[in-house]
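Hi everyone, thanks for coming. Let's take a quick look at the aromatic rings in this one.

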Amino acid sequence: MQTEETQQWFDPGDLQCKRPYGAAESGQQVQFSLYPPRAEGFVRGVLTARWEFDGGRISETALPWAGIKGDRDHFTGTMDTGGYVGLVWYSLRLERPDGSRTEVGEFQLTVYEKGEKVPSWFGEGVTYQIFPDRFRRLSAPDPTGMVGGRWVHQSWEEEPEYRPNEHGEIRNRDFFGGSLPGITEKLPYLQSLGVETLYLCPIFEAAENHRYGAADYEKIDPMLGAREDFEALCRKAHSLGMHVMLDGVFNHTGFVSKYFNGDGFYPGPGAGQSQESPYYNWFCFQNWPHEYTSWWGIYSLPTTNKESKEWLEYITGENGVIRSWLRAGADGWRLDVADELPDFVVNAIHRAARAETPNAVIIGEVWEDASHKIAYDVRRRHVLGGHCDGVMNYPLRTALLSFLLGGGGEELRNTVEQQRQNYPRWAFYSGMNALGTHDTPRILTLLGVGSDRKGDTSRDFRAHYRMNEEERNRAVTLLKLGSLLLYALPGSPTIYYGDEAGMEGFEDPFNRRTFPWGQEDRELTDWFAALGRARKALASLRRGELRWLTCEGPVVSFARSLGEEVVIAWANAGEMPQEMDLPGGGTEPLPPMSAGFFRWDGEQFLPMAL
């Protein structure tokens, strides 16, 4: 374990101690240097490395004494990564003539595929996540004959169905009728927010309103439209400088689907009806037909058999799902529950996407640090190259929430720096950075009242609760602070539909209400539009270097720089005035509960209007 004292001897985030910064490309040499005080009397240094993806092989590299720097000894040496790809866990050891020693570490080194290139369009621009059924409808649809026994709310303003049925199930068969043409109609609105990527939650035919249990990957859900509507949406989006990313849910299908066909809706025999079905080996039966592996034990979401060659060909083959929808106009895929897809499946998806569209992007749903995530007892290869180009950045969301709700700026800086050290640069800059998603309570509600309101967790209470004026004003202020930091950090700032309009709501389904067209919070919408303009106009915010300034208590500030362009982002989440340091010396007073940008004009930093 590293002590407070040895932190002064070796800091993996300091280029004087380790080069290159952060992850290393396979074949690259990595230099390590230690700086213990002369009084310690060390005569020898050793780097011990455990090469995890190489059977746990142990190697030792000498770190010879290299001279004196100030009042400290300097031990240095180089480790050659060779052709290795994977994680290296290393520690450093210093030895005295009498045989006594001091250990420093252990630390993670990520070694990724040499020559890996990731399209930059995703990480540079703003992403907007849409839950299609709830974004925009042009008319109330007729669900007659559609899969799932669905029903449609006649009023767009009604509450989503949240009560269990007579069997104690919440079946998610209530629809509002949002459509692809509705999204197309609102593309100019999204463009006004500076959006450059549309991330659409599943759009394929499915029984449930969330569509995370696909019934037919080859068909757009008829309530959303048809393939032609999707192609039209992509053409219009592309004409406005936007990309379209689809949600790929391949770990499981629906019980109600043409593949499993548990309720017999589809004419052909599904795996749940006949062992002669072409889809039978797509699933894992313990006792056909009623006992099978399902996602988290939810019977309505039978898990797919990843060892099935037929299934994998259907998803990743030349005419498979991945390539077919890229041909239709999609620009990339977000992989639902990426941890539950074996590495060889994610790699096959990645290869299929790049083969069809060299500029396609694959983003994985990963809730933890993706560089060392273990799932099903396997260390995943998410960001080692040839798998995910980036991942959903839930650790950043957690750190931002903590900061906004009273945590220290040090924690936010440390979280971001840990990612920057563990991820390849391309993965760090391709993160999907969001404050809210379809799987979390609305960010405004979290900032105003938290995930629980006075301990009342009843669904009736949560369905009807709305913040009072004081709670909402504070939440709006904090959301403005958090969103500014989100837009200024590396990675794609991502808006969950309606957050920019001031939508409230606890967990599903209250976080999936319909978009309040005509009743938006204009203060918030204008704020997000201003942030979008800044993100689009300032190259330093899109791909510039990151340098931390003041990160202490309620204050976070950092600089993004690219060439001569330097922008400082800052936030004071406290209720008292604070100060931040400026590059080159001096300080700047910060009003309470506020955030903003400063921009270098060639002579000084000046406040930048939003």
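So, which charged end sits over the ring of Phe175? That's Arg150, with its charged end 4.3 Å from the ring centre. Sitting over a ring here means that NZ of Lys or CZ of Arg is within 6 Å of the ring centre and within 35 degrees of the ring normal. Arg442 does this too, over the ring of Tyr497, at 4.7 Å from its centre.

Quick housekeeping: this is a predicted model, where local features need pLDDT of at least 70 and side-chain atom pairs count only at pLDDT 80 or more, while totals for chains, interfaces and linings use all residues. Residues are numbered from 1 along each chain as its sequence is written, and side-chain values use heavy atoms, leaving out hydrogens and water.

Now, rings with rings. Rings of Phe, Tyr and Trp (its six-membered ring) pair if their centres lie within 6.5 Å; planes under 30 degrees apart are stacked, over 60 edge-to-face, and the rest tilted. That gives 46 aromatic pairs. Take Tyr189 and Trp517: their centres are 5.3 Å apart and their planes at 80°, so we call them edge-to-face.

Phe428 counts as buried at 6% relative accessibility, and so does Tyr429 at 11%.

Last stop: ring pairs also build a cluster, whose members include Phe204, Tyr217, Trp282 and Trp333.

Definitions and conventions:
Buried means under 20% relative accessible area, exposed over 50%, partly exposed in between (1.4 Å probe, protein chains only).
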